[in-house]
Amino acid sequence: MTKAALRQYHQSQRHALSGEEYAARNEQIFQHFREFFLPSQLHRQPFTIHCFLSSTQKREVDTTPFIRYFLSQPSVTLVVPYSHMSES
């Protein structure tokens, strides 16, 4: 399978999710991240994290919880791309 075919397949799978399932999967992804990336790791030394701004219209993983989490960590510098997109 080509990269384009894989991308198209997974996009169609994301769009087929119900609103509730999409929200539940986003929460599950964030909770898995929190289990793996423990707060004690954030305080070892200062560092920078680059995070993309997700598109809910494209059903991408919602990065809002990640961004809020990193903004609450004093040792983390968060970098996100500049965007003209309005929040939906």
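Accessible areas come from the Shrake-Rupley method with a 1.4 Å probe, and for residues only the protein chains shown count as cover. For the protein chain of this predicted model, the accessible surface comes to about 6,800 Å², of which 56% belongs to carbon and sulfur atoms.

Residues are numbered from 1 along each chain as its sequence is written, and side-chain values use heavy atoms, without hydrogens and water. Because the model is predicted, local features need pLDDT of at least 70 and side-chain atom pairs count only at pLDDT 80 or more, while totals for chains, interfaces and linings use all residues.

Four helices and two strands make up the pattern α-α-α-β-α-β along the sequence; helices (H or I, at least four residues) and strands (E, at least two) are DSSP runs, numbered from the N terminus. Buried residues, those under 20% relative accessible area, make up 23% of the 88 residues in the protein chain.

The structure holds seven aromatic pairs, where rings of Phe, Tyr and Trp (its six-membered ring) pair if their centres lie within 6.5 Å, and planes under 30 degrees apart count as stacked, over 60 as edge-to-face and the rest as tilted. One of them, formed by Phe30 and Tyr69, is edge-to-face, with 80 degrees between the planes, and its two residues, both buried, are 39 residues apart in the chain.

| Residue | Location |
|---|---|
| Phe30 | helix α2 (residues 19-36) |
| Tyr69 | helix α4 (residues 64-71) |

Ring pairs also link Phe30 and Tyr69 with Phe33, Phe66 and Phe70 into a cluster.

Methods: Buried < 20%, exposed > 50% of the residue type's maximum accessible area, 1.4 Å probe, protein only.
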